[in-house]
Structure formats: C-alpha cells, structure tokens
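Visitor: Please pick one part of this model and take me through it closely. Keep it brisk.

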Amino acid sequence: SSGINAEYGGRTIFEKEKQKVKKRKREMVGDPSDPDGYKGPWATFVDEVKTAGPTEEQRQTLEEWRAKKEPGTKEKSDDKERTILHIDDPLDYQGRSFMVAPKDNETNLYSEDPPAKCFMPKKLLHTWDAHNKGVAKVVLFPKSGHLLLSC
C-alpha cells in the first residue's frame with residue numbers, strides 16, 4: 001500500500017489533484033471613466049491573432065475544388081447578356097438605387113482589406129427561386145459585393 005500512496009503523491013484514489021489552469025492574458029482594459037478607451041471584459045487577448053480568410057486546410061480544399069472546376073468551364077461568346085431585376089421597384093423607400101452599395105453599414109464595402117472575421121458557410125440560410133432553369137454561375141457585384149448576380 002505504501003507503493004500506491006507514493007504513486008499518487010500520498011493521496012487516495014478518491015482525492016483529486018488540483019490542476020493549474022493557465023489563463024490567457026488580456027490587453028489592458030482601460031479606465032472605466034473613459035467610454036472610448038474602456039474595453040472591459042471585451043478586451044482582446046495578448047496572443048490573439050486577427051486574420052481574416054480561410055485556414056490552410058480550407059484553402060487547400062478550395063484550391064482542389066478550383067482545380068477540378070477549371071478544365072470544364074467554357075464561356076459562350078454568342079450568348080447575349082440580359083438583366084432581370086427580380087423586385088417590383090428598382091428604388092428603395094428613400095429613392096436610392098439598389099445598384100449603389102450602402103454606406104450606412106459599419107463594414108466598408110469598397111475597402112481592399114478583408115473584414116476582421118470571416119467564416120465558411122455551415123448551413124443553408126436561404127434559397128432563391130427566380131430562375132426557371134438551372135443556374136450556371138452566381139457572382140458577387142463587382143468591387144462592393146452587396147448584390148448577387150446570376151446566369
């Protein structure tokens with residue numbers, strides 16, 4: 001029995017060893033009287049990395065998908081381009097066109113920098129039913145990406 005106690009550091013099998021939890025350090029939270037500089041419990045971690053974009057595994061999956069897709073893509077030059085707006089009124093309630101990117105959003109849609117966070121889609125959120133036949137391609141509106149264009 002003395003060999004067992006030495007193995008467990010003098011504890012019985014019913015006594016748990018307290019494990020030290022290594023906590024991550026946060027940046028300075030700031031002064032609570034300063035509303036602009038106070039971060040409080042929302043302060044970022046010191047070792048936190050702020051990057052946007054897919055991980056290496058996701059990037060590799062996307063590259064494999066693109067490699068499979070590339071040889072089969074052929075564009076027909078004899079097709080005429082046409083546009084159908086699938087809403088009743090081309091203007092919103094303030095008289096602005098939907099073609100103009102919104103500027104009241106906190107995200108700058110014209111910025112070259114990626115957003116602070118981006119995620120791969122996990123589930124289907126919405127289904128559009130505007131096309132009678134299959135859709136060959138869906139792209140985001142050039143530069144701002146605030147509308148979907150499909151053909």
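Guide: Helices here are DSSP runs of H or I with at least four residues, and strands are runs of E with at least two, numbered from the N terminus. Glutamate 63 and arginine 66 sit three residues apart in helix α2, so about one helical turn separates them. Their side chains meet in a salt bridge, 3.1 Å from N to O (a side-chain nitrogen of Lys or Arg within 4 Å of a carboxyl oxygen of Asp or Glu). The model is predicted, with pLDDT of at least 70 needed for local features and 80 or more for side-chain atom pairs, while totals for chains, interfaces and linings use all residues. Residues count from 1 along each chain as its sequence is written, and side-chain values use heavy atoms, without hydrogens and water.

Both partners are partly exposed: glutamate 63 has 43% relative accessible area, and arginine 66 has 41% (buried is under 20%, exposed over 50%, partly exposed in between, with a 1.4 Å probe and protein chains only).

The whole structure holds five salt bridges. Among them, arginine 96 meets aspartate 92 at 2.9 Å. Arginine 96 is partly exposed at 41%, whereas aspartate 92 is buried at 18%.
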